[in-house]
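Me: I'd like to go through this one label by label and see what each of them rests on. Here it is.

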Amino acid sequence: MQIQAVIAIIGITIVLIGLLAVRPSLTAAQGGKVLAFIAFFILPIVATVLGAAIHLEQSTSTTFCLSCHVMEAHGKSLYIDDKSYLPASHFQNNRIPRDQVCYTCHTDYTLFGDINAKMRGLKHVYVYYFKDTPARLTLYEPFKNRECLHCHANARSFEESIPHNMMKEQLASNQLSCLTCHNKIHNVQQVDKLKMWKGPAT
Amino acid sequence: MKDGANRFRSKFKTAAFILIIGLIVQATTLHWATAASFLGFIGAGAVLVLIGIAIYLFAIVSV
């Protein structure tokens with residue numbers, strides 16, 4: 001709906017600009033000058049700002065993250081047919097929204113986490129198109145438990161699990177990483193050798 | 001005076017042409033949620049729109 005609204009604004013702007021370009025004499029009158037200012041200045045800025053906002057919003061989508069060739073193996077790892085693989089089990093069991101898989105786990109659940117994640121995404125786009133992509137992709141910093149606990153803390157399955165209860169303090173303070181036990185992640189080096197889930201029935 | 005009006009029209013039409021191309025690029029890129037379309041929006045669409053606006057502003061202040 002948002003996209004259609006921006007495209008409608010762009011369409012109206014193009015029609016107005018086209019009309020004024022074909023008949024520049026319209027700008028001789030005061031009303032024509034105002035119309036030209038709206039068509040040539042206000043509306044293009046509005047369209048650009050709204051369009052940029054839509055693109056930034058779309059940058060949280062799985063399609064966006066996997067549109068870069070280097071992320072193909074990570075995308076493929078979501079289909080590993082083994083529930084011990086953390087991203088795959090979250091994706092396949094709808095524990096996270098499938099259209100925002102990467103973003104849901106790799107954003108920071110902090111005040112500026114959303115904008116930080118988007119800025120990192122912009123940096124990735126820049127590196128992908130204008131620099132050499134590193135042969136091995138790594139996180140900027142070790143994965144924080146905070147991101148897991150954003151959903152799992154207070155969840156019954158988490159609270160009633162004896163191992164989680166025993167390590168609750170260490171997990172909350174990040175002294176012990178969730179990934180110490182749940183250590184099967186994307187495994188991109190071997191993803192081609194693993195059995196794959198065919199995906200949801202359509 | 002006539003020369004000035006002609007120059008204004010020429011710049012006005014150039015601004016219109018560049019703005020229309022920029023806006024078409026922007027509208028096209030909105031259809032895809034990919035890094036390439038984002039880059040197209042910023043690197044081509046937004047840049048063309050800004051150039052078009054600059055030419056238009058230059059045209060109206062130099063009348």
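Me: How do the axes of helix α1 and helix α2 of chain A sit, and at what angle do they cross?

Reply: Keep in mind that this is a predicted model. In it, the axes of α1 (residues 2-22) and α2 (residues 30-58) of chain A come within 9 Å and cross at roughly 155 degrees.

Me: Why is α1(A) called roughly antiparallel to α2(A)?

Reply: Angles over 145 degrees count as roughly antiparallel. The crossing is at roughly 155 degrees, so α1(A) is roughly antiparallel to α2(A). The crossing of the two is also left-handed. On the α1(A) side, the residues making the contact include A:Ile3, A:Val6, A:Ile10, A:Leu16 and A:Leu20, and on the α2(A) side they include A:Leu35, A:Ala39, A:Leu43 and A:Ile54.

Me: What classes do the residues of that contact of α1(A) with α2(A) divide into?

Reply: There are 17 nonpolar, four polar and no charged residues.

Me: What makes A:Leu16 count as buried?

Reply: The cut-off for buried is under 20% relative accessible area. A:Leu16 has 19% relative accessibility, so A:Leu16 counts as buried. A:Leu16 is found in helix α1 of chain A.

Me: Which residues is A:Leu16 in contact with, leaving aside its neighbours within four places in sequence?

Reply: A:Leu35, A:Ala39 and A:Leu43. Take A:Leu43: it is 27 residues from A:Leu16 in sequence, and the C-alpha to C-alpha distance is 9.9 Å.

Me: How do you know that α2(A) and α2(B) are roughly antiparallel to each other?

Reply: Again, angles over 145 degrees count as roughly antiparallel. α2(A) and helix α2 (residues 35-61) of chain B pack at an angle of about 160 degrees, with axes 11 Å apart. The two are therefore roughly antiparallel, and their crossing is left-handed. Among the residues making this contact are A:Phe37, A:Phe40, A:Phe41 and A:Ile45 of α2(A), with B:Phe38, B:Phe41, B:Val49 and B:Tyr56 of α2(B). By class, the contact has 15 nonpolar, four polar and one charged residues.

Me: Which residues of helix α8 of chain A are buried, and what covers them?

Reply: In α8 (residues 145-152), the buried ones are A:Asn145, A:Glu147, A:Cys148 and A:Leu149. Their cover includes α6, α9, α11 and α12 of chain A. α8(A) is followed by A:Asn154, which has a positive phi near 70 degrees.

Me: And how is chain A divided into domains?

Reply: Domain 1 is 2-58 and domain 2 is 69-193. Their C-alpha centres lie 42 Å apart.

Notes: Residues are numbered from 1 along each chain as its sequence is written. Chains are lettered from A and ligands numbered from 1 in the order in which they are written. This is a predicted model: local features need pLDDT of at least 70, side-chain atom pairs count only at pLDDT 80 or more; totals for chains, interfaces and linings use all residues. Side-chain values use heavy atoms; hydrogens and water are left out. Axes are lines fitted to C-alpha atoms, for helices over the stretch in contact, and angles run from 0 to 180 degrees between N-to-C directions. Helices (H or I, at least four residues) and strands (E, at least two) are DSSP runs, numbered from the N terminus. Angles under 35 degrees count as roughly parallel, over 145 as roughly antiparallel, 65 to 115 as roughly perpendicular and the rest as oblique. A crossing is left-handed if the near helix is turned anticlockwise from the far one by less than a right angle, and right-handed if clockwise. Contact means heavy atoms within 4.5 Å. Ala, Val, Leu, Ile, Met, Phe, Trp, Tyr, Cys and Pro count as nonpolar, Asp, Glu, Lys and Arg as charged, and the others, Gly among them, as polar. Buried means under 20% relative accessible area, exposed over 50%, partly exposed in between (1.4 Å probe, protein chains only). Domain bounds come from an automatic or database domain assignment.
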